[in-house]
Amino acid sequence: MLLELIVILLLGAVIAWISDSIDNRLPKWIAVISLLSSLYPLHPIIMAGSSSDGQAWLVSESYPWIERFNISLYLALDGLSLLLVLLSLLMGLVAVLCAWKEISFRSGFFYFNLLCSLAGTIGVFCALDLFLFFVFWEIMLVPMYLLIAIWGYENRRYAAIKFFLFTQAGGLLMLLSICALVLLHYQNSGELTFNYDQLLQHQLSESSAFWVMLGFFIAFIIKLPIVPFHNWLPDAHTQAPTAVSVILAAILLKTGGYGLLRFVLPLFPSASAEIAPYVMALAAFSIIYGGLMAFSQQDLKRLVAYSSISHMGFVLFGCYAMTQIATHGAIMQMLAHGVSSAALFALVGAIQYRYHTRDLNQLGGLWLRLPKLSALLLFFVVASLGLPGLGNFIGEFLVLIGSFSAMPKLTIIAVCGLILAAIYGLKIAQKALFGPVKLAPCADVDRREMAMFVGLALLLLWMGLHPQPLLDLAQQSVNLITVGVEL
Amino acid sequence: MQDHYLANLLMLVVLLPLFSACLLMLSALFSVKLSKTSVTLLAVGCMALAAILVLLVGIEYSDYAGQSFSYRYANWIEIGQLRLSFGFYLDPLSLVMIAIVTGVGFLIHLFSIGFMQQDADFQRFFIYLNLFISAMLTLVLADNLLLLFLGWEGVGLCSYLLIGFWHQQPANILAANKAFIMTRIGDAALAIALLLLFLLLGSLNIQEIQLKAVQLWPLDDNASQYRLDWVSICALLLLAGAIGKSGQFPLHTWLPDAMAGPTPVSALIHAATMVTAGVYLIARFYQLFNLSPLAMLAVASIGAITLILAATAALVQSDLKRILAYSTISQIGYMFLALGAGAYSAAVFHLMTHAFFKALLFLSAGALVYSLGHQQNIFRMGGLAKKTPFICACFLAGCAALSALPFMSGYFSKDFILESLLQQQMYGFWAIAIIGAFITAFYSFRLFFLIFCGDCQLNPDKKLPTSMIIPLALLLLLSVFGGIMPAVLNVLFEGGPALLASVTNDSLALHLLTIATPISAVLLCWLIFRKHSFSERFNSSLTPRFKYLLFMGWGIDRLQEKIFTQPFIRLCQANKNDFIDRLSQLLSHISQYGHRQLQRLQNGKLRWYAASLILSAIVALLSIVLLR
Amino acid sequence: MINPQSVVLFSLALFCIGIYGVLVRRNLLFILISIEIMLNAVAVLFIAAGSYHDHVDGQLMYLFILTLAASEVAVGLGLIIQMYRRSLSLDVDQLSHLHD
Amino acid sequence: MINLLFYLAATVALMAAILTVTRHNAVHALLYLIVTMLAISLIFFLFGAPFAAALQIIVYAGAIMVLFVFVTMMLHQGELSTRQEAQLYRPSQSLGAIVLSLILLLEVVYLLSVPERWLSSQQMTPISAKQIGITLYSSYILLVEIAALLLLTALIGAFHIARRHQEGAS
């Protein structure tokens, strides 16, 4: 079922590319159709997902691949990955809707890359064979590089190369760590395997576990991104076309958090526990630093990108607090940030599509020109600054309340991030939406955009007011993660 | 069965304004044009319905005879120990609060119909206003801290939106930002309090927290009283949250600026309801606060400082709404003082009367501003008593109540506060309160005389519509007679000084003093006014610098800007280009430099290549020979 | 019996003269000639070593060096002709524009 | 005696080599180069490698040098160079080469005049061409193939490179 899911997307990608030569309006429809039809193999899992019966995986399947090295196509879903897969599909849809009018140049190739990247991401969320995981990790990145480098804005090549170098460096570290892990396991048990479940049983010696863990850890925090490795993100976001920004913010960053939760914490519980205080300090610093940087930006997209850094700091914070509540919080934060940042980027893209500028100094008084779009922007800004009742708040709150017992002082610093969130959030509203009118009249949101944004807004409201189904779904995975750590 | 009925009533009370807000919002989003009448009907109708339902709630609740009522509607979050639900908790305190919110809220809604009639954003105004009411009701009814926090942030957001309602003036937006961010600082403290309470007590339910707190940290008479123990820390953090929301020193500077919003908003949010949320919070946690003498002292001190600070600042302002704003800060200072003295009933009583008379004052100020064509400087007004007798009457009643002239509503509540201070033997605070009362009376009548007496300078050009007159009249009645029903409030809190306790002999003299103080202030004010000594400018006064300092609100605003805002902005500007990015660019610069250097080796000169080949061969040979 | 040391020294001296020629001359033809000298220096060493050890390999190596020299000269001279046609000069330093 | 012969030949080779790399005229340089080759050939002979000595003269001093000379002549075509050549030609300039070759000639004559001397001069047993041939085509057959390949490549390469590009690529 899971293989089908990925194959459908890849097939859709190829067909979209080919269909471009028939009519350049076809690829987007094919993208939508393949995204929707990829829900089909998922539906029995979603049905089963609500009734968890104590098994580790909701669904798992394995096909032999490279038997010589005992590498298999081992795909499985649990609550956490199911949530993220659903988020990916949904945000993929949003991205396609964003690109609807914006992309006309070589649209077939664009949707090919988009769908490939999505397929890679979903593969990352499903793969439980470490080698397969790495393969998907790369499948996800290369199309992304092309998307930024070909369809980006003025400084796209710089941004694309920066993005590629950073993530590729992380990927390399991860590959080294995967190899080291597998070889260490081979030395100890005499069995060569990349299988997650088997590697999970294996206890590494303390010193080697630390270094192997560090490789994974750095790869994932580059992706998240956390402060000393964050600087690819603002450039990539600023230069990427709207749809790509949406994918990047909503899904790609989540692979970092997912990797931490799925691999780093369960595989190296003691080593993770050892560095947890430092990591949390780093995360707190990231929260504050991202907030400060967001405030000082003039470019709207850059501002939102820095705010992402701040928000993803909460994810890291929650992951390493190693309590159930905080882990739930990290997952909620990933989901909510996925939705809210996607919406914010889509809105900024919509503004740029209309006025060809993202400069806060050139915008202003948007409310009088585009009242609906402004109201929506305000809603999502408010969501991202953590208003209770919306998804982001639940994430942040759970992270904070879960971490407080572990690291009270750092948690207090993280709470200050909420103040910064208000400061930079209001800056967007103040500079872009309010003040004297500076721009010419323009068409307000159309039906396609309205449906998209209202849908996302409702999703955030649902997450904020009734997060329990999501929490229940993730419970099994959280147990796995935290039980490992507590031992 | 009865429980369900009451629960449904409560839910309806909260949901009705929310429903109307959502409906209006959706109609705006999906371009369904609504006429102003239908907007009015929906918004104000829902509000009226909510007010009526609160009345029903009150009637229904009387059966409970002061027992608290709580009901859980749905689960919110449930992970392990963390169990949160959407639940309401009704006791006399929250009943009083929802009554004030819906009652005063309804009147202000009514008033807004006329006031905002000409505004293009009529619908948006009512969306925000309804949203606010709903959030405020959630705040006061919430049975757990997180739901309270939801309401707390919700009202903050609405306050932000309404202060910046006329968003084309950048100044308004700055004021709105300031309000939101400053209260957010308090909110962060509240959030930390929430985290701490959960960590220490393992619950977020307000009643459970207090129950456990009483068990866990019994008040120890032997230990030194003002200890910084856990309960004090929790209480102080809660206090910090309350300070932010209620505009108390040192986080009060946003409130005078918040007057940038439409006047009904100032009346509803920045006088009657939202800013008193801090008072409500402390009153709600009175058992917790009772456990910590240190926190109580802090509450009282902050109240006292604010009270004097704001009252003196109000003495010299020239903007009508700013005076009222400072007066609000000062009056909330009174409430804090009462809370600090443990006189929770007195505080809530004053909260109620303050809601009445301050709403009245703001609304009549609004009516005045409305009829004068948005003139707010009191020195440009004068002699309006004859032109606008009704507003004058309202204003007079409001000022009298504010100054606590005998037998106005404000008199009872303020008197009660003073009395409780004496009972608690807090003489220092009592003296401050008396001084504050004197100043209060002085500035209120300065305001009144300057507007309504003397020479006429302005002519009102608009007649008030009925929708503005009715709420004014009702509030007028409430301000005058609202103080006669304090007995209801006696049941609010267990312990603490009883309301209107029998006046003992030794305090009779002091009692007379409290009556005499405002009267003498009014007389003094009249004398000065007759001599035309009030002046907008500062050069006529003997101590112009001091007066300017007062005018600037003791310069606290400036100080905060110098100490926090400007360094913050400068820090951000300095690091605008992200020094970490620079560091990573350094890496690329280094490799580019290396590239250039290496490129110079590859110069295409054959002989150079041959030489380097030979040289390296020699080096290699030498190293082999020497290193062996 | 010829002193082996003097053979090596001779070979080295010949080789150094070749190097000197490669480094100092700018005419491509002379560089090629110098390379021939260097090759011969090596060949001398091979032959000498072969006969000291009474082994046939020394001369075999000489044969291969000869082959190498022949090929090298053929290609090198072809290049010289081509270069002369293009620039009417055999100055190697003028060739440096090839590098970019 | 044999040492003297070697040192003499070596001195001749070195001097000729020095003169080769310092000449201004290519033809002069080539002349000295030939002398060098001859001297080296004599040295080979002294080391008991008559086959190599013969090859040195045939291939090096013969074939390769002819190639050089051809090319040099090709480069100096035309009236101008002929006239220059006429001016440049002075018999005295070939004096050095003649002297050096004469020394070599004397050595060879000395060696060949008495057969015993020639034989005794080769303390090291001479290695015959037969031996070389057997080794070459048995254990070194692969190298021979490779050398053949190399020569073929050089042939094609040289032909291709030196070809005049008619298309006017430049």
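This is a predicted model: local features need pLDDT of at least 70, side-chain atom pairs count only at pLDDT 80 or more; totals for chains, interfaces and linings use all residues.
Read along the sequence, chain C follows the pattern α-α-α, and this chain has three helices and zero strands, where helices (H or I, at least four residues) and strands (E, at least two) are DSSP runs numbered from the N terminus. Residues are numbered from 1 along each chain as its sequence is written, while chains are lettered from A and ligands numbered from 1 in the order in which they are written.

Let us stay with chain C for a moment. Its C-alpha trace spans about 50 × 25 × 20 Å along the principal axes. The radius of gyration of chain C is 17 Å, whereas a compact globule of 100 residues would have one near 13 Å; that radius is taken over C-alpha atoms, and the globule rule is 2.2 Å times the number of residues to the power 0.38. Of the 100 residues in chain C, 49% are buried, a word I use for a residue with 20 or more other C-beta atoms within 10 Å of its own, whereas exposed stands for 12 or fewer and partly exposed for anything in between, with the C-beta atoms placed from the backbone.

Now, how many residues of chain C are in contact with chain D? There are 43 of them, and they meet 52 residues of chain D, two residues being in contact if their C-beta atoms, placed from the backbone, lie within 7 Å. On the side of chain C that touches chain D, the elements giving two or more residues are α1 (4-24), α2 (28-52) and α3 (57-87) of chain C, and α3(C) gives the most, with 20 residues. That side of chain C divides into 29 nonpolar, ten polar and four charged residues; here Ala, Val, Leu, Ile, Met, Phe, Trp, Tyr, Cys and Pro count as nonpolar, Asp, Glu, Lys and Arg as charged, and the others, Gly among them, as polar.

Turning to the other pair, 36 residues of chain B are in contact with 39 residues of chain A. The largest share of the side of chain B that touches chain A comes from α6(B), with 13 residues, and the residues of that side divide into 20 nonpolar, ten polar and six charged.

The buried residues of α19(A) include Met452(A), Phe453(A), Leu456(A) and Leu460(A). Seen down the axis of α19(A), the buried residues fall within an arc of 155°, so they line one face of the helix, the arc being that of the directions from the helix axis to the C-beta atoms. On the other side of α19(A), Arg447(A), Ala451(A) and Leu458(A) are exposed.

In α7 (residues 206-216) of chain B, Ile206(B), Ile209(B), Gln210(B) and Ala213(B) are buried. These buried residues fall within an arc of 95° seen down the axis of α7(B), so they line one face of the helix.
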